Amino acid sequence: MPLKYIPYFKDPIKGQALLDNFTRTLKYSGNDKVGYKIKRGMPLYETKLIESVRGNSTSEACHTKQSEVSCNDKKPQNLLLRGECLSACAYLKEQGIEVDLVYIDPPFASGADYAKKVYLRKNPKIAEMLEGENEIEMSEDFKGFEEKMYGDIWNKEDYLNWMYENLTAIKSVMSENASIYVHLDWHIGHYVKILMDEIFGEENFVNEIVWGYRIQGVGKDFWGRKHDTIFYYRKSDSYIFEPEKENIIYENPFIDTKVQAPKMDKITEKDKQYIIECLNDKKPLNDKFKNLLFNSYYSNVYVRDVWDCDSTKPLISGSSEYLNYITQKPEGLLERIIKASSNENMIVADFFGGSGVTAAVAQKLNRRFIHCDIGINSIQTTRDRLKELNAEFDILEIKDGISLFRNPAQTMDKLKTLIVGLSENENLDKDFWFGSIIDSKLGIVPVSVPNLLDSGSKMLDIVAMNELINKGLNTLDEELDVKKVIVYYIDIEDLEGMQRFIKEQNTHTLIEVELRALGELLDEVIDEDYIEYHLEQKEQGYELEITQFLSDRVNQKIKAYNEKKATQSIKNGKIFTPISISENGLECIEYISIDCENADRNATWKSSSEIKITKNSFVIKNGVKTKEFWNGKITSSKKPLRLKVRNICGDESVIDLN
């Protein structure tokens, strides 16, 4: 449960109501729910410091005066927060942290399912037995499978309610000179524009930016939808904006075309760059281009609000930037935004951080960053990305219920097997009931489970319970003779208060409403991976070799993938070779870290030495990329006290080495 609720806005003047003017411009179902939540405030939860990452140059912890300030300050320079946008904003507000620039790339309500490609790594034990392994073509071992991460499937009203609350929370932690960029597309962007007019004020709208790109997938029955929309708002008229300029050479329609000069369509990009450099530096042009300016036009102008692919480099798939993150945006896009709307040392925040591009670019541009996301894959990807940039940051987990499940889409599927006796029931309204169980005394017992794909359902509050009592119970057919329902919840405002509310409101039926914590159900099935290792002291320090790694989760995913592909191959008449795991299972390892500082299992993690194995099976040692393959070992100068291993699906296991 929340520790308390943090007001979105400053305390009102005595005698003045806080939200007398809370009216909605865009009318749709659920406006009253948002009003209730805004008046209630943002939920503040406990936070746990998971890991404190310091740059490679200061790996011996904080010895200097300057480092002590960085490590011990109540407000860390940079933050990675795993939790909801709403609870992250509550944490920042409680800590007195204001952000100076916000970029968010939230779900687009696109109706699509997003999956991560999971790759097996090169097994070091098998590599030892193969002569000339380094020369073997990587595609031979480049096997992988898809893992569904989340579904961007929303009811429009639910999405707008969710966005309204998030945007209001974000505004509450923005400094007076801050700006916000909200990245969306044609699915829902026009509705969110109206929300932003309402929240930030129409007078604070600055730009609607069109970000165009040229990639595959052009529609045959419509114009190719090849642009996103970015809404740019300021919080006040004291916002920061330093516009970028670009050099342009294009045909001048006002010049006599009879003048002999090179045609623009024959001028290469390299030629244009040469011309621009000569003009900027006031150097003479080569003879080839002397007449060019007679029938062309050169200009150094401010960038307009239409950004094409040449200026922001969106084609990241297959490039060195791409991190196997389906919704990843290019660094060039964020570089333009961060340079224009912030100064050095200011705080840049992304509350739907994804692959961590905002944090990475902020680090490169000498800004401070706050990265927030509910996904463990996002936190891990960003953590590893920033480690390579030698960044210093803290990773915090907000205890807002998000840690109860690793992946909402997968968990929703698994709940069907976790709830003993649960089965689907066609006679139940699926908007309220997940299924039912059969009780020998009570008969049919409908079961309600929060939709983990809908962030708004994570809190069972009075509004949600009132709807379930007055609508959900009424959907139960009298012929079913329901005497009891079970309602699972992730989080709840006040358990005793909720039980009193149910008793007071549920007067029109004789149905008992039982509340159960979903966390207790999920905690029982969280199993860590099995790890065998050999630790040996050497002349230069310690060497730890992993000899066996078994992951039930990875095995289950591979089994499901093989069964699916085998069925498809029978239908298509194609041969399918199933993915198999070796006896030692080392190809299922993605990341290894050892802590030589803390023996306590619950202590903040200190990575004294670490290895990241890329999807190409190359090793990144302590943030430094190499062209080496992993040999199954990791070394350290001090004796390791704890070992952390991450499998290719992102699950991390920690074992004591004492």
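A charge sits over a ring if NZ of Lys or CZ of Arg is within 6 Å of the ring centre and within 35 degrees of the ring normal. Select Lys-193 and Phe-205: Lys-193 lies over the face of Phe-205, at 4.3 Å from the ring centre. Next select Lys-122 and Phe-629, where the charged end of the lysine is over the phenylalanine ring, 5.4 Å from its centre.

The model is predicted, with pLDDT of at least 70 needed for local features and 80 or more for side-chain atom pairs, while totals for chains, interfaces and linings use all residues. Numbering runs from 1 along each chain as its sequence is written, and side-chain values use heavy atoms, without hydrogens or water.

Now go to Tyr-181, Tyr-232, Tyr-239 and Phe-241, which ring pairs link into a cluster. Rings of Phe, Tyr and Trp (its six-membered ring) pair if their centres lie within 6.5 Å; planes under 30 degrees apart are stacked, over 60 edge-to-face, and the rest tilted. The count by this rule is eleven aromatic pairs. One of them, Tyr-232 with Phe-241, is tilted, at 6.0 Å centre to centre and 45 degrees between the planes.

Colour by relative accessible area (1.4 Å probe, protein chains only): buried is under 20%, exposed over 50%, partly exposed in between. Tyr-232 is buried because its relative accessibility is 1%, whereas Phe-241, at 37%, is partly exposed.

Finally, select residues 462–472, helix H13, and residues 495–505, helix H14. Helices are DSSP runs (H or I, at least four residues), numbered from the N terminus. H13 and H14 pack at about 30 degrees with axes 11 Å apart; axes are lines fitted to C-alpha atoms over the stretch in contact, and angles run from 0 to 180 degrees between N-to-C directions. Contact residues (heavy atoms within 4.5 Å) include Ile-469 of H13 and Phe-501 of H14.

How values were computed:
Helix = DSSP H or I, 4+ residues; strand = E, 2+ residues; numbered from the N terminus.
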